[in-house]
Amino acid sequence: MKSFYAPGKILLCGEYAVTIGVEALAVPVSLGQWMHVWEFDSPGGQPRILWEAKDVAGVTWLNESFSLPLEAMGTEERDERKTIHQLLALAPASTWKQGKSYRIETQLEFDRSSGLGSSSTMVSNFARFAHLDAQWVQQQLFGGSGYDVAIADVGKGLVFWKDEEENHWGPWSISADLTRNWKVVFLGEKQNSRTSLAQVNERLQDIQTDEFMFHQLQQVAGAVKMAQQVSMVEAGLEMWQALLSMGLGLSTPYQHFGLQPVKGGLCKWLGAWGGDMLLVNETFAASQAEWLKKYQTTPWNQLVKQ
C-alpha cells in the first residue's frame, strides 16, 4: 500500500482577485485528506480501478469502478463519476501495470461542506501518486488560481500570485499572537468556488483594467501581509472585503445575514462568498453570541497549522 496526505487550506485574503494577479494570503489547516492505493493481481479477470471516498465520519459517499484501460464516459454519468474518470485519465499509461488492478481509498479529516479543500487535497495526493504536476492537474480538472493546490503541496503558509499564466508563491505566515482572538465559523453551506468565480468573471476583468481599483486591492492585500498589529490586520481585512464587495457587487456577510458592524469587530468571508466559512474576532462574536449559536465555531489558532 502507498499512502499520501495533503492538508486543507484557508484563504485569508485575496479571494476572487487572486485570479487576476492580486496577491493572496493562504494558510494550511491541521486537517486534511488521505489517499491510500493498493495494487493487486487480477488473474483471468478485467483489470479495474476501484475508487472509494470516505467522509470525516468514515462513511463512504462515493464508490466507483472503472475498467482498465479506461473507457470513454457517457454523457448521462453523474458529475462525481465523470470527475474521477477525468482525473484517472490524466495519469500516464505507465501508472497502471499490465494485469494489475488498483483500489484507491480517500479519507477526509474535515467535513465535505466546510470549504477546507476536499478537491485540492485530492488533486495534490493523486498528482504525487501519478508523478504529475499538481498545478497542471488542477487546471485540467477544475481551473481556478491554484493557490489551494499550492497549499496542499507545500503544507505551509504562503503568498500566492499569478503573472499572466504563471503561478508563483513564496513563504508567508501570520503570528499566532495576532490571531489568538479569531474564530472560524462553519456555515454548513458548501459554496462551489468555481461557479462563484464564473459568476463574477466579467466584473473581475473590469477590475483588472481599472488601474485605480486594482492598485487599491494590491495595496490593501500588501498591508495585511505586512501588518504586525491586530488592529492593522483586522482593519485591512475589513477594508479588503469592502473594496471587493463594491467592485464585484457581492454582499458582505453583514449585508448577507442582516448583521450590524461592531466597532473593533471583524466578520469576513473566507473563501467563496455566500457560504463555507466566516472569520470573526472576539469583539464581533460577543456582540452576536446568540446568532452564532446555530453554527460550529473553532478557534483559528486551533484549526490553522502553525
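Trainee: Which strand is D163 found in?
Mentor: Strands here are DSSP runs of E, at least two residues long, numbered from the N terminus. By that count, D163 sits in residues 158–163, which is strand β6. Keep in mind that this is a predicted model, where local features need pLDDT of at least 70, side-chain atom pairs count only at pLDDT 80 or more, and totals for chains, interfaces and linings use all residues. Residues are numbered from 1 along each chain as its sequence is written, and side-chain values use heavy atoms, with hydrogens and water left out.

Trainee: Is D163 buried, partly exposed or exposed?
Mentor: Buried means under 20% relative accessible area, exposed over 50%, and partly exposed in between (1.4 Å probe, protein chains only). D163 has a relative accessible area of 45%, so D163 is partly exposed.

Trainee: And N63, buried or exposed?
Mentor: N63 belongs to strand β4, residues 60–67. Its relative accessibility is 53%, so N63 counts as exposed.

Trainee: Which residues does N63 touch, not counting residues up to four places away in sequence?
Mentor: Contact means heavy atoms within 4.5 Å. Leaving out residues up to four places away in sequence, N63 touches W51 and E52.

Trainee: How far apart in space are N63 and R81, C-alpha to C-alpha?
Mentor: In sequence, N63 and R81 are 18 residues apart. In space, their C-alpha to C-alpha distance is 8.9 Å.

Trainee: How many of the 8 residues of helix α4 are buried?
Mentor: Helices are DSSP runs of H or I, at least four residues long, and α4 covers residues 147–154. Among its buried residues are Y147 and I151. Helix α4 is mostly covered, and the buried count is 6.
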